[in-house]
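Welcome, and please open the model in your viewer.

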Amino acid sequence: MSTIFEAPAITKNFINGELANGQTDTIDVLSPLDGHVLSKVVISTKVDLDEAVKAAKAAFPAWSGLTLKERVQVFFRFRTLLEKNIETITDIVHQENGKIKSEARAEVLKGIELTEFACSLPQMINDEIQEVSKGVECRTTHVPVGIVASITPFNFPAMVPLWTIPNAVALGNCMILKPSEQTPISAIKIAELLKEAGLPDGVLNVVHGNKQIVEDICDHPDIEAVSFVGSTKVAKLIYQRATFNLKRCVALGGAKNHLIVLPDAHVDMTATNVAASMSGCAGQRCMAASAMVAVGKVDHIIQRICEEAQKIKVGDNLGSVISGEAKERIENYITEAENQGAKVLVDGRNATVAGKEGGFYVGTTVIDYVKPGMKIATEEVFGPVLSIMRTEDIDEAIRIENNSNYGNASSVFTQNGSLANYVMDRVSAGMVGVNIGVPVPREPFSFGGWNESRFGVNDITGKSSIHFWTKLKKRTTKWNPEARTNWMS
Ligand code: NAD
């Protein structure tokens, strides 16, 4: 395997600007490309977390004391370093996550866009000021929350940490990042580049681990805010635990995204978008097309989708899934649906890549005649699998979408503008689209779903995240002694 980046034997924590050993154990980090042990990652304890929080608290007064304009200078330099190191980070993501290099590269490019958004915060935040009574001024200022945490999943090892770090840190917070223990290496590279960009020690600390350290984060008395991105099961636990401990929390969960295809849809555009959406990053995107509701006579479109799906080949333009367990889970969903009467049109089970037999591969899979009640129709599969449900009626298609517990994304494929709006108005998802397989908002628009795809009030990126990472201070001032004193004196 040609690599640019040699993974460290042990992936350590990053505390107070230095790599740090954890207190106890390590676990193996496997490369899903071929199953070999890429690194070992430390599993931190409460002692490590306390060290990280201590460093963050020590750094907070000076960092939060800078102006926003001063703080974003670090992110201008960081942006340049991301560009300079793009091939290295691409390679790390490829090795630890298993996605193909072009997808890993796209992830870093998105990280650059997120960093640019943070650089523009001084232009975006205009604190309000008004003379509310003769000689009396009210003014709001955005104040950092304090020590904040970001807990991230395996599927975007560079991009999801960059959803939170630039905005939270530029806005004056100090952060504890807990990356996925399955993909911990990209986060360390990001922390090292931020140090190189001039971020003071202690402002960003990375603590590795699993369930225990996440619970310790939710319980830590000095951590004021917790952001989480991962599965719905864990998002619920985190949201309940962090808010029980009176912290602010936004917790993004899993997804089951429905694409509604109408008979008048543009055939090629629909087929290429649907196939790319279900297979990109091996279907391990929270925005991936997972369920397609085919309305009326759309066999000609389904046939083209199958042709497109068959052009996507494991080890070539389709990467691996994250683990052996994930491969088994995905293949079980397919087999169960088949046993219940669904028809597997394109079968990606038992896929292997020559020379990488230890890797975890699932080929693109298209399943027709899935019934809305089946497990594959309701649960998050998180693999390159498209389940097609048939209906004659657009309102029934909308009902199927509305019945999902999730609500991240939904898209409609049609050439009829009023039908497109009809569907967009009625689907229950935070991010909706027309003729687009992955309706992901780009900066400065914010990212966040509805229902069980997001717990908490704010979105995690863009303008909406400013409210999450800051608190408003309302100042009222009066300097002229002759001003009236008879109202709110
Ligand atoms: P996960 O929920 O298993 O893990 C996410 C994080 O939580 C990791 O850092 C992990 O160490 C930690 N964790 C795992 N189990 C825990 C537990 N019981 N208690 C406390 N912490 C725990 O998710 P994953 O498998 O890493 O990522 C895939 C999931 O993330 C999918 O469901 C996907 O849809 C979701 N996701 C959602 C979005 C979104 O924007 N809504 C974005 C990316 C990924």
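Helices (H or I, at least four residues) and strands (E, at least two) are DSSP runs, numbered from the N terminus. This is a predicted model, where local features need pLDDT of at least 70, side-chain atom pairs count only at pLDDT 80 or more, and totals for chains, interfaces and linings use all residues. Residues are numbered from 1 along each chain as its sequence is written, and side-chain values use heavy atoms, with hydrogens and water left out.

**Stop 1: a helix residue**

Select S279, which lies in helix α10 (residues 267-279). Is S279 buried or exposed? S279 has a relative accessible area of 6% and is therefore buried (buried means under 20%, exposed over 50%, partly exposed in between, with a 1.4 Å probe and protein chains only). Now show its surroundings: beyond the neighbours within four places in sequence, S279 is in contact with I312, L318, T364 and P384 (contact means heavy atoms within 4.5 Å).

**Stop 2: a loop histidine**

Next, select H208, in the loop between β10 (204-206) and α8 (211-219). H208 counts as buried because its relative accessibility is 0%. Draw a distance to K12: the backbone oxygen of K12 lies 2.9 Å from a polar atom of the H208 side chain. Apart from neighbours within four places in sequence, the residues in contact with H208 include T11, N13, V41, I43, K178 and I213.

**Stop 3: the two domains**

Zoom out and colour domain 1 (10-253 + 453-474) and domain 2 (257-434) separately; these bounds come from an automatic or database domain assignment. Their C-alpha centres lie 31 Å apart. The contact takes 18 residues from domain 1 and 22 residues from domain 2.

How much area do domain 1 and domain 2 bury between them? The value is about 1600 Å², with 60% of it on carbon and sulfur atoms (buried area is the accessible area, 1.4 Å probe, that two parts lose on being put together, summed over both). Select P32, F154 and S453: in domain 1 these lose the most area to domain 2, together 30% of what that side buries.

Finally, look for polar partners across this interface. Eight residue pairs are in polar contact, both at pLDDT 80 or more (a pair of N or O atoms within 3.5 Å; within protein, one must be able to donate a hydrogen and the other to accept it, and residues adjacent in sequence count only if both atoms are side-chain atoms).
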